[in-house]
Amino acid sequence: MAVTDEIGERLRVAFAPRDLSVVDESERHRGHAGWRDGGETHFRVTIRAEAFAPMSRLQRHRAVHAALGSDLIGRIHALALEIEG
Amino acid sequence: MTATTAQDQIRETIEKNDVVLYMKGTKAMPQCGFSSRVAGVLNYMGVEFVDVNVLADADIRQGIKDFSDWPTIPQLYVKGEFVGGCDIVTEMTLSGELDQLFETKGVTFDKAAADKIRAANA
């Protein structure tokens with residue numbers, strides 16, 4: 001499964017978001033540190049879910065990190081997160 | 001033993017310095033866009049901070065991730081407290097929360113410069 005789909009699936013299962021976008025921005029980072037041929041290194045996630053409403057910024061990010069898992073996060077180079085409750 | 005040393009070293013660094021940025025590269029020469037952005041904000045706001053280049057020390061690079069329970073770099077600490085990474089610092093800069101944090105913690109910064117960043121990104 002492509003990493004983009006994997007990220008999307010894990011977040012959907014964990015948070016049932018009303019809004020979710022996972023964008024592979026690797027091409028924009030071509031040649032930068034961490035970039036590799038074939039992409040799937042730099043991602044931007046925008047997610048809106050009720051579950052985040054009571055959480056602080058740090059808690060929101062930690063919840064997303066936990067849902068993705070250290071194995072998946074370890075495989076990518078960069079993850080930009082925009083999280084709303 | 002190495003892991004303990006890294007944890008001790010990190011604890012000491014964030015206790016002894018008001019503002020510490022764990023980053024890839026240095027504030028003068030960042031090696032990553034995300035690190036560069038946070039260092040740039042702090043520089044622009046005239047905040048005095050210590051930069052720790054995680055690329056120069058593999059133990060610290062892994063150690064800070066374990067210490068903060070946070071998988072990515074950069075990581076900003078203010079008065080020993082973990083603030084967040086690039087996304088959180090950016091959001092807090094634009095919302096004014098970073099100003100509030102610095103004010104609460106007694107960290108000197110240039111309010112006018114912070115307002116300029118917000119005006120430019122409005």
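Arg44(A) stands opposite Ala80(A), a residue of strand E3 of chain A. This is a predicted model, so please take every value I give as computed from predicted coordinates.

On to E1(A), which pairs with E2(A) in the antiparallel sense, over six bridges. One of the pairs is Asp19(A) with Arg48(A), the latter in E2(A). As background, strands of a sheet pair through backbone hydrogen bonds, either parallel or antiparallel.

Put together, that gives an open sheet of three strands in chain A, in the order E1-E2-E3, with mixed pairing. Which strands stand at the edges? They are E1(A), residues 19–24, and E3(A), residues 78–84; each has a single partner strand, so one side of each is left without a neighbour in the sheet. From one strand to the next, the twist averages 10°.

Now what lies across the sheet. Helix H1 of chain A, residues 3–15, lies across E1 and E2 of chain A, and runs at about 160° to E1(A). Between H1 and E1 of chain A there is a loop, and Ala16(A) lies in it. Ala16(A) is not a glycine, yet its phi is positive, about 40°. Most residues other than glycine have a negative phi, and most peptide bonds are trans. Is Ala16(A) buried or exposed? Ala16(A) is exposed, because 11 other C-beta atoms lie within 10 Å, and the cut-off for exposed is 12 or fewer.

Stepping back to chain A as a whole, there are three helices and three strands. The order of elements from the N terminus is α-β-β-α-α-β. The radius of gyration of chain A is 13 Å, close to the 12 Å that the globule rule gives for 85 residues, so chain A is as compact as a globular protein of that length. The C-alpha trace of chain A spans about 40 × 25 × 20 Å along its principal axes. Buried residues make up 25% of the 85 in chain A. As for contacts in chain A between residues at least 6 apart in sequence, 57% of them join residues at least 24 apart.

Chain B next. The average pLDDT of chain B is 96, and 97% of the residues score at least 70. For the model, ipTM is 0.89 and pTM is 0.92.

I want to look at two loops in chain B. The loop between helix H3, residues 58–68, and E3 of chain B holds Pro74(B). The peptide bond joining Ile73(B) and Pro74(B) is cis, with omega about 10°.

Lys79(B) is a residue other than glycine with a positive phi, near 50°. Lys79(B) counts as partly exposed, because it has 17 C-beta neighbours inside 10 Å. Gly80(B) is also partly exposed, with 14 other C-beta atoms within 10 Å.

What does Gly80(B) contact, leaving aside its neighbours within four places in sequence? Gly80(B) is in contact with Ile14(B) and Glu15(B). The C-alpha atoms of Gly80(B) and Lys16(B) are separated by 8.3 Å, and these two residues are 64 apart along the chain.

Then helix H4 of chain B. Its buried residues are Cys86(B), Asp87(B), Ile88(B), Val89(B), Thr90(B) and Thr93(B). H4(B) is followed by Gly96(B), with a positive phi near 90°.

Last, the contact between the chains. How many residues does each chain give to the contact? Chain B gives 10 residues and chain A gives 13 residues. On the side of chain B that touches chain A, helix H2, residues 33–44, and helix H4, residues 86–95, each supply at least two residues. H4(B) makes the largest share of that side, three residues. By class, the side of chain B that touches chain A has four nonpolar, four polar and two charged residues.

That is where I will stop.

Methods: Residues numbered from 1 in each chain as written. Chains lettered and ligands numbered in written order. Predicted model: local features only at pLDDT ≥ 70, side-chain atom pairs only at ≥ 80, totals over all residues. Contact = placed C-beta atoms within 7 Å. Helix = DSSP H or I, 4+ residues; strand = E, 2+ residues; numbered from the N terminus. Nonpolar A, V, L, I, M, F, W, Y, C, P; charged D, E, K, R; others polar. Rg over C-alpha atoms; globule rule 2.2 N^0.38 Å. Buried ≥ 20, exposed ≤ 12 C-beta atoms within 10 Å, placed from the backbone. Pairing = 2+ DSSP bridges. Axes fitted to C-alpha atoms, helices over the stretch in contact; angles between N-to-C directions. pLDDT = per-residue confidence, 0-100.
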